[in-house]
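The following paragraphs lead through a protein model from a local detail to the overall fold. Please keep the display in view while reading.

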Amino acid sequence: MSRGIITRLGLTSLRLRLVVVFALVALTAAVAASGIAYWLNREAVLTRTQDGALNDFRQEMQNRAATLPLRPDQEELRRTAEQMASGSAGYQVLLLGEREAGKPIVGASDPDTFTLADVPRALREAVDTRRPVSDANPYPYHLFWQRTERGGTPYLVGGTRIDGGGPAGYMFKSLAAEKADLNSLAWSLGIATALAVAGSVLLAQVAATTVLRPVHRVGEAAKQLGEGKLDTRLQVSGADELADLSRTFNDAAESLQKQVADMSAREESSRRFVADMSHELRTPLTALTAVTEVLEDEQDSLDPMIAPAVALVVSETRRLNDLVENLMEVTRFDAGTARLVLDDVDIADQITACIDARAWLDAVELDAERGIVARLDPRRLDVILANLIGNALKHGGSPVRVSVRTEETGTDGGEELVIAVRDHGPGIPEEVLPHVFDRFYKASASRPRSDGSGLGLSIAMENALIHEGSISASNSVGEDGKTDGAVFVLRLPRDASGIARESRVEEE
């Protein structure tokens, strides 16, 4: 049976397993006890009946059959057999004699019930066999018996021979009464076994409830702990293993709460440091930016020996300004203060404005129909597009193609916006793909050295996630089987109104 089927049938339940184990143990014990009791009672009943009938038959053979003449006639045999069978033992008798040598005669107490054909051949041979007389064997003939069955009814057949040439005698006793008694005993033991199993199941239920109630409490506490309720604790009572488990859980929860509190404090301190640093840097950066703008305007009139230095200062100042802005944006995401400001946006116009504002019109191909309108945050969409297209232009190869389409989500009948940005560069190495959205990650070993901050794609992903969207990165494979550029696919809900409402409710 497969694990899936077992799980669907609920056979992995601890309660069910306890019940099954209790029931199997009880069943095994009850069956063993009942089997032993039945076997002992069976042997006792059969032995008592058998010994009583055989002893009575031996005595009758000595008292009656031994008094017959050496050559009795059939009537004498019949009359003697009837007298022997008339006792309280309840068996039929058959006497076998000889009227002349080699001419046997038979006398039966009830020929319709017991005939010579009912005597097993092996028993007749054992009765007729004469054994040497010795100190260890004072008698040449012995009493033999055998259990047989006729018509579904068990019988006891016994036989012996009179010493000195007397007749041979056989007794035939029905064991039907003993069989009925043993059947009644078997039914009683079966009912007792069933009651024992039922009682064990009830005991298993009680034991399972007793054992599983604290286990269930531990499970519920672990669930609450996993949901972030780090102050969850268990009430400890007793000194058994379950109490030890509760104490261990409380110790682990307390340690976890302390570690999380320490980590949160360090994270909050780091976040506050980055935010403060970013704010402190904005004031001097504003002055530097103003100076670099003046220098950039006067760059053509500067000494040729100074111009390269001025250009470097201008570019690095802009880079530093972008880094500070990105750090402040990341800080807002980490602090949970980022919020959506929704508006109805024509996606084709939005992408065109993004490309035009950055002078990328000649390097980017746009495949987007006008009239695809989505309700989202246009500023955050612009940030996402700027990072994805800028990354493709910087690290990929021209032409960079941006395509737009809509798809059914298939869950609630809604639609999602799908924007794919593809370049024709060397692609992204497989070992780099899982890390392209990590903060400050740069694949410098496989691509030209970047002058970016390493935060662009991370910020793009954060802006997608706040819309409850996603961004995926992969490589495009050409017809020759080789990598033909990287593909970034942005997926956003076409209407983020519900997300914005939930965000405001959480904030309130």
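Predicted model: local features only at pLDDT ≥ 70, side-chain atom pairs only at ≥ 80, totals over all residues.

Ala359 is found in the loop that connects α8 with β7, the strand of residues 364-367. The phi angle of Ala359 is near 60°, which is a positive value in a residue other than glycine. Most residues other than glycine have a negative phi. Is Ala359 buried or exposed? With a relative accessible area of 67%, Ala359 is exposed, since the cut-off for that class is over 50%.

Glu468 belongs to the loop between α10 and β11, the latter spanning 470-477. Its phi is near 65°, again positive in a residue other than glycine. The relative accessible area of Glu468 is 55%, and Glu468 is therefore exposed.

Which strands form it, and in what order? The sheet is open and has five strands, arranged as β7-β9-β10-β12-β11, with mixed pairing. β7 and β11 are the edge strands, each of them pairing on one side only. On average, and with direction ignored, neighbouring strands of the sheet are turned by 20° against each other.

The pairings of β10 can be followed residue by residue. β9 and β10 run antiparallel and are joined by eight bridges; within this pairing, Ser403 has Ala420 of β10 as its bridge partner. β10 also pairs with β12 in the antiparallel sense, over seven bridges. In that pairing Glu416 stands opposite Pro493 of β12, while Arg422 stands opposite Val487 of β12. Why can β10 be called largely enclosed by the rest of the structure? Six of the eight residues of β10 are buried, so the strand is largely enclosed; a residue counts as buried when its relative accessible area is under 20%.

Helices accompany the sheet. α8 packs on the sheet and touches β7, β9 and β10, and its direction makes about 175° with that of β7. α9 lies across β7, β9, β10, β11 and β12, running at about 175° to β12.

The side chains of this region bring the largest nonpolar core into view. It has 37 residues, and those with the most contacts inside it are Ile347, Ile419, Ile471 and Leu490. At least two residues each come from α8 (347-357), β8 (373-376), α9 (378-395), β9 (400-408), β10 (415-422), α10 (456-466) and β12 (483-493). The greatest contribution is that of α9, with seven residues. In soluble globular proteins, nonpolar side chains tend to be buried together. What does Ile347 touch, if residues up to four places away in sequence are not counted? Ile347 touches Ile372, Ala374, Leu381, Val404, Leu417 and Ile419.

Another part of the chain contains a hairpin. Strands β3 (residues 144-150) and β4 (residues 153-161) run antiparallel and are joined by seven bridges. Two residues lie between β3 and β4 in this hairpin, and Gly151 in the turn has a positive phi of about 65°. Glu149 has Pro154 of β4 as its bridge partner.

An unreviewed UniProt entry lists residues 18-40 and 185-208 under "transmembrane region". In the model, residues 18-40 are 100% helix and 0% strand, and the end C-alpha atoms of this span lie 33 Å apart. Residues 185-208 are likewise 100% helix and 0% strand, with the end C-alpha atoms 34 Å apart.

The chain as a whole can now be summarised. Eleven helices and twelve strands are present in the protein chain. Of its 508 residues, 35% are buried. Among contacts between residues at least 6 apart in sequence, 62% join residues at least 24 apart. The protein chain exposes about 29,600 Å², of which carbon and sulfur atoms supply 54%.

Definitions and conventions: Residues numbered from 1 in each chain as written. Heavy atoms only, no water. Core = buried A, V, L, I, M, F, W, Y, C linked by side-chain atoms within 4.5 Å. Buried < 20%, exposed > 50% of the residue type's maximum accessible area, 1.4 Å probe, protein only. Helix = DSSP H or I, 4+ residues; strand = E, 2+ residues; numbered from the N terminus. Contact = heavy atoms within 4.5 Å. UniProt positions renumbered as here; feature names shortened; annotations may be inferred. Areas by Shrake-Rupley, 256 points an atom, 1.4 Å probe, with all protein chains shown as cover. Pairing = 2+ DSSP bridges. Axes fitted to C-alpha atoms, helices over the stretch in contact; angles between N-to-C directions.
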